[in-house]
Amino acid sequence: MLISFKMFMTVVEEMSISRAAARSFVTQQCVSDHIKRIEEEYKVILFNRRPKLSLTPAGEEMYKTLCKIAELESDLEKRLKSMQGVAVPKLTIGVNATRISIILPKLLSEYNKFFPNVIISFVIKDTRTLEQLLLKGEVDMIVDLNAHTSPQFNIISLGKDKLHFLISENLYHRYFKQEELLELSSGITLERIKDIPIASNFEGSTIDNIIQHYAERDGVKLNILYYTGEYETQLSLCCNDLAAAICPTMILKKVLEYNKESKNPIFIFPLENQTEELKIEIVTNKGIETPEYMQKFIELLINMMRESIEKYEK
C-alpha cells in the first residue's frame, strides 16, 4: 500500500495530525503533505478541519476501501508465505486481558494437542482500536463485548453475561446490616449502593457505558472513585476495603478463588433490573480464508467460554 494511504489511515485512527506524526516518527508537515497529495489526486476533501478534525463522506469511503485493501494484502501475504513453505502459522487475537486469562490455560492446553506449533499473539487494546486493527487485517479475530455492527464483520455469539456487585465483608458492614444479606443475595439496586466508593471499568468502555446508562435510568449518581480496565486492580481495591466493584460473571472465578483463602471474603450480589444485553462475541472479517488452525481455536473458545459463563452463573 502506498505510504500516503498508510499515513491517511493513521490520521483517521488518531483523529489528530500531531498524534499521527508522532506515531509515524515524521513531522506534521509531512503528514499534511501526504493527505494533500491524496486529495489532489482524487479531487476530494478527506477531512473537515472545523470545529474539530472529522472525516468527510469522501474520507469515510476512502477509509473503508483502504481497510479492505489492507485486509486483502495481509491475507495475500499469509497465503504466499504458506505456499513458500517458510511461514510458521501465527494467530493474532485482540482480547480483553482479564476475560481471556480466565480460560486461557485450559484453552491452550487443549489447543496444543491439535496445533502445537502455531504461534499465538494476544493484542490488548480498547474495543475501537481492536476493531480498526481487525478491519485492516492486523489481527485475525477479536473477542469483544457488544461489537459494533459492520458489513465486513462476521460475529459469533459466545453467550450473554450479567453484571454483579462486589463488596468485601468489612466494607459491607459499614453500609449494610448483617440481616440484610439474605434479601440482597437475590439482587441489589443502584440506589442501595450509591454512597459506596466504587471501582469501575475504564471510562467509555462497554461495561462503564452500561453502568452509566443504568444510573441515569434510575436517577442515581454513583460514587465512582476509580476507573480501571484491569479487574485484578478492581479486586485488589475490594480486598483492601477501598472500594466495591461491578464486574461481569466470568470474573467471579477470581473472586471465588480469593474467598477460599481470605478472612475478609468478597460478597457477590447480582444487580437488579438489568435490561441491557452484555454480549460476548468472536468477531472476524468476512470473505477471508479461515485456516484450519484458526477454526479449531474458535471452536474451542466457543465451547469453553459458554461453559465458563454457565458455570459461574450458577
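Select T92 to begin: with a relative accessible area of 12%, T92 is buried, a term that means under 20% relative accessible area, with exposed meaning over 50% and partly exposed the range in between (1.4 Å probe, protein chains only). T92 belongs to strand β3 (residues 90-95); helices (H or I, at least four residues) and strands (E, at least two) are DSSP runs, numbered from the N terminus. Leaving aside residues up to four places away in sequence, T92 touches S121, V123, E138, V139, D140 and M141, where contact means heavy atoms within 4.5 Å.

This is a predicted model, in which local features need pLDDT of at least 70 and side-chain atom pairs count only at pLDDT 80 or more, while totals for chains, interfaces and linings use all residues. Residues are numbered from 1 along each chain as its sequence is written, and side-chain values use heavy atoms, with hydrogens and water left out.

**The whole chain**

Of the 314 residues, 47% count as buried. Among contacts with a separation of 6 or more, 75% are between residues 24 or more positions apart.

**Strand β11**

Next, select P270, in strand β11. P270 is partly exposed, at a relative accessible area of 26%. Which residues does P270 touch, not counting residues up to four places away in sequence? They are L163, H164, L184, S185, S186, G187 and I188.

**Aromatic pairs**

Display the aromatic side chains. Rings of Phe, Tyr and Trp (its six-membered ring) pair if their centres lie within 6.5 Å; planes under 30 degrees apart count as stacked, over 60 as edge-to-face and the rest as tilted. The count by this rule comes to nine aromatic pairs. In one of them, the ring centres of F8 and F47 are 5.6 Å apart and the planes lie at 55 degrees, so the pair is tilted. Because F8 lies in helix α1 (residues 3-14) and F47 in strand β1, this pair ties together parts that are 39 residues apart in sequence. Both F8 and F47 are buried.

Proceed to F115 and Y293, an edge-to-face pair with 6.5 Å centre to centre and 70 degrees between the planes. F115 lies in the loop between α5 (97-111) and β4 (119-124), and Y293 in helix α13 (residues 292-313), so that the pair links distant parts of the chain, 178 residues apart. F115 and Y293 are both buried.

Then select K296 and F114. The charged end of K296 sits over the ring of F114, 4.2 Å from its centre; a charge sits over a ring if NZ of Lys or CZ of Arg is within 6 Å of the ring centre and within 35 degrees of the ring normal.

Select I17, S18, A20 and A21 in α2, which meet Q28, V31 and S32 in α3. What is the make-up by class of the contact of α2 with α3? The contact has four nonpolar, three polar and no charged residues.

In helix α6 (residues 127-135), the buried residues are L130, E131, Q132, L133, L134 and L135. Just after α6, G137 takes a positive phi of about 80 degrees.

**Backbone exceptions**

Most residues other than glycine have a negative phi, and most peptide bonds are trans. Select K43, a non-glycine residue with a positive phi of about 55 degrees, in the loop between α3 (28-42) and β1. At 73% relative accessibility, K43 counts as exposed.

N273 also has a positive phi, near 60 degrees, and is not a glycine. N273 is found in the loop between β11 (266-270) and β12 (278-285) and, at 48% relative accessibility, counts as partly exposed.

Finally, select R50 and P51: the peptide bond from R50 to P51 is cis, with omega near -5 degrees. P51 lies in the loop between β1 (47-48) and β2 (54-55).

Conventions:
Ala, Val, Leu, Ile, Met, Phe, Trp, Tyr, Cys and Pro count as nonpolar, Asp, Glu, Lys and Arg as charged, and the others, Gly among them, as polar.
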